[in-house]
Amino acid sequence: MKATPTEQKELLRLQAIDTRVQQLTHLLANLPEDKALAALASKSEDVRRRLIGAVGELDDAKLELTRLESDVAVVEARIARDNDRVQHTASVKDIQALESELLALRKRQGDLEEIELSVMERVEDKEAIVAEIESERAALADEASVTTQERDRSKAAHEGTRAELARDREAVSSGVPEALRDLYEKRRTVNGGVGAALMQARTCLGCNMSLTGSDLETVRTAPADEVLFCPDCGRILVRTEESGI
């Protein structure tokens, strides 16, 4: 294939743009903020599970406290009733029985109130744990919000650069003959996104292999408008004043 040296050099500009676009595409698919958000999501899920467990324990403690309060209220009502009966009976036998029952009820009341106090302390401890976990969850949500904003700004900047490069590519591509452009695209497809490479100091910068012997002689003697290929990687080999031939 024939193409002027200028047209061949345009392939290097095209390749530079394509390489940068490829880098940006990879970067957009692997934004550090996305990795940070994934880590935060994992932490948030762990906190969510802990919160569910802590809230369940708190609810159980509150339910136990409610039952105890109900039991205390029943005992207090029995004590009040028996005190009233003591005040309104003249039977010594009844008074003795009531006083015996009151003694047992007061002991029961003391035992229940002691347990109630212990459960109230447990409720307070569980509430503190829930509050701490909720605070941790809120902090993670704030961090995720900030990271998301940073990710969106970074993404927008990279996408803006990529859009500019797309416009530049269109302009450069229009200056390359269709046949040469098609050849470049084919070579780029089979060579990891690099279709053309500069020959610098007798070395193909596409694969960093130096040309020697007959390969170098072929390049040295080829007409300037002959499209050449690297004998090692197969990329279009663009010759310039840097080629050292």
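Modeller: Gladly; we will go through the labels one by one.

Modeller: This is a predicted model, where local features need pLDDT of at least 70, side-chain atom pairs count only at pLDDT 80 or more, and totals for chains, interfaces and linings use all residues. Residues are numbered from 1 along each chain as its sequence is written, and side-chain values use heavy atoms, with hydrogens and water left out.

Biologist: What makes residues 14-190 a domain here?

Modeller: That label comes from UniProt, where an unreviewed entry lists residues 14-190 as "domain: CT398-like coiled coil hairpin". UniProt positions are given in the numbering used here, feature names are shortened, and annotations may be inferred rather than shown by experiment. In the model, this stretch is 94% helix and 0% strand, with its end C-alpha atoms 17 Å apart. Helices (H or I, at least four residues) and strands (E, at least two) are DSSP runs, numbered from the N terminus.

Biologist: Which other domain does UniProt list?

Modeller: The unreviewed entry gives "domain: C4-type zinc ribbon" for residues 203-237. Over residues 203-237 the model has 26% helix and 23% strand, and the end C-alpha atoms are 10 Å apart.

Biologist: Why is Cys204 called buried?

Modeller: Buried means under 20% relative accessible area, exposed over 50%, and partly exposed in between (1.4 Å probe, protein chains only). Cys204 has a relative accessible area of 0%, so it is buried. Cys233, at 17% relative accessibility, therefore counts as buried too.

Biologist: What makes a group of residues a nonpolar core?

Modeller: The term means a set of buried Ala, Val, Leu, Ile, Met, Phe, Trp, Tyr and Cys residues joined through side-chain atoms within 4.5 Å. The largest one has 22 residues, and Val75, Ile79, Leu112, Val119, Val123, Val130 and Ile133 touch the most other members. The elements giving two or more residues to this core are α2 (32-87) and α3 (92-173), and α2 provides the largest share, 13 residues. A second, separate core of 15 residues includes Ala3, Leu11, Leu165 and Ala196.

Biologist: Which residues does Val123 contact, beyond its neighbours within four places in sequence?

Modeller: Contact means heavy atoms within 4.5 Å. With those neighbours left aside, Val123 is in contact with Leu58, Ala61, Lys62 and Leu65.

Biologist: Where is Ala156, and is it buried or partly exposed?

Modeller: Ala156 is found in helix α3. Its relative accessibility is 46%, so Ala156 counts as partly exposed. Ala156 and Leu28 are 128 residues apart in sequence but 9.7 Å apart in space, C-alpha to C-alpha.

Biologist: How do you know that the charged end of Arg187 sits over a ring?

Modeller: A charge sits over a ring if NZ of Lys or CZ of Arg is within 6 Å of the ring centre and within 35 degrees of the ring normal. The charged end of Arg187 is 4.0 Å from the centre of the Phe229 ring and sits over that ring.

Biologist: What does Gly234 touch, not counting residues up to four places away in sequence?

Modeller: Gly234 touches Arg187, Asn191 and Phe229. Gly234 is in the loop between β4 and β5 (236-239), and its 15% relative accessibility is why it counts as buried.
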